[in-house]
Amino acid sequence: MFYNINGIPSESPSEEKFFITENIIKDFIFKEGDLTLEIENICIRLRNKIAISIFGKVENLHFLNSCPIFPFVAYAGIDAEIRISKLEFEKTYSEIEDKKTLNKLLYYYDVENLISSIQNSVLETKYLVGNFYKLLNENNFLVAENYTTVDNGIQYASGPIVVNITSIVNYLFINLYSQLDFVTKLAYEIENLNLDFEKYPKLKSKDILYGDQKKIKLAYHPNSLFEFSNDIKIIMYLRNEIVHNASIDSIPKVYQVIKDKKVIEKFILLPDFENGIIKVFKNRRRFFNDDVKLNEILPAMITDFWMRLKLTLENIEFL
């Protein structure tokens, strides 16, 4: 099955610029624009860069990872893979004699966790986009099978039958904004990498967020995530609208285009923007005159985001 931009699935690839399908293991396959593998490879190189800066060479880290201490430094206090309390962590830390090596390992895995968060968020983006189009295509969003309120025209569905897809939309924009924060943290941390391990160092980027990008060398860098492109500004606005006002629409809806009592298109509308800025008149900020359909602009928006993320991580690699 192929999931298309217009919300109508097909048994074979459509002629549209973009579609999504699933392989045998239920992984989503994009027709074009999927840069997740390239981003994954850059993240691996970034890990190696940090390892060389802290341990001299990657092989030294690999040797230490073969020691019994590995699960403690890599997972304790970070991942559910190891069950340990704060007090147990402090006790174990105090009992290990080679504090300098221990501090290096702990700090390395703290920075590595920033990279892992970016990787996981990118994979979530792919999963969310894939499921958005799958739900849009597989569901008719009708209250009853073949029941339409018009023979020809446009109707909309709201309420419980659209909760799944609108929840995915909401989380998608929160996810994208989170990546802006994590990339800013990573850039700041690598620019200010701690190389003094007499004590266990705190992450210098702990309180750094995307709005603090003026503190990094890559601030406002062209074609990166630090450039305020129209798409980045839209992502930022929609995330804030979702977080602070629960939704991008007062009543979340999926619209259906009906022809001869059959659904021939489905879409979700976005408010009107101009150069990435929401159009506002006093208290009114949700105007829907431009017919901007989320499902039509999303593929280009995600590909642009991934291209900017890829360039940003490449730039961080050479800091």
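Strands and helices here are DSSP runs, numbered from the N terminus, with strands (E) of at least two residues and helices (H or I) of at least four. Two strands pair if DSSP finds at least two bridges between them.

A word on the ground rules before I go on. This is a predicted model, where local features need pLDDT of at least 70 and side-chain atom pairs count only at pLDDT 80 or more, while totals for chains, interfaces and linings use all residues. Residues are numbered from 1 along each chain as its sequence is written, and side-chain values use heavy atoms, with hydrogens and water left out.

Back to β5, then. Its residue Lys-253 has Ser-158 standing opposite. By buried I mean under 20% relative accessible area; exposed is over 50%, and partly exposed is in between, with a 1.4 Å probe and protein chains only.

β5 also pairs with strand β6, residues 262–267: 5 bridges join the two, and they run antiparallel. If you want a pair to click on, take Gln-256, whose bridge partner in β6 is Lys-266. β5 and β6 form a hairpin with 2 residues between them. Have a look at Asp-260 in that turn, with its positive phi of about 55 degrees. Asp-260 is not a glycine, and most residues other than glycine have a negative phi. Is Asp-260 buried or exposed? Asp-260 is exposed, at a relative accessible area of 55%.

Phe-141 sits in the loop between α5 and β4. With 6% relative accessibility, Phe-141 counts as buried, whereas Asp-260 is exposed.

Going strand by strand, β1 and β2 are joined by 3 bridges and run antiparallel. Asn-4 has Phe-19 as its bridge partner in β2. On the other pairing, β2 (residues 19–22) meets β3 over 3 bridges, again in the antiparallel sense. There, Thr-21 is partnered with Ile-29 of β3, and Glu-22 stands opposite Phe-28. The β2–β3 hairpin has 5 residues between its strands, and Lys-26 takes a positive phi near 70 degrees.

What covers my interest in β2 is its two faces. Phe-19 and Thr-21 on one side, and Ile-20 and Glu-22 on the other, are all buried.

Next, a helix pair. Helix α4 (residues 86–95) and helix α5 (residues 99–138) have axes that come within 9 Å and cross at roughly 140 degrees. The axes are lines fitted to C-alpha atoms, for helices over the stretch in contact, and angles run from 0 to 180 degrees between N-to-C directions. α4 and α5 are therefore oblique to each other; under 35 degrees counts as roughly parallel, over 145 as roughly antiparallel, 65 to 115 as roughly perpendicular, and the rest as oblique. On the α4 side, the contact is made by Phe-89, Tyr-93 and Ser-94, and on the α5 side by Lys-99, Leu-102, Asn-103 and Leu-106. Contact means heavy atoms within 4.5 Å.

Further along, Leu-311 belongs to helix α8, residues 294–317. Which residues does Leu-311 touch, not counting those up to four places away in sequence? The answer is Pro-222, Asn-223 and Ser-224. Leu-311 and Pro-222 are 89 residues apart along the chain, with 9.7 Å between their C-alpha atoms. Leu-311 is partly exposed, at 26% relative accessible area.

Last, the cysteines. How many disulfides does a search of the whole structure find? It finds 0, taking a disulfide as a pair of cysteine sulfur atoms within 2.5 Å. Cys-43 is buried, at 1% relative accessible area, and Cys-67 is partly exposed, at 24%.
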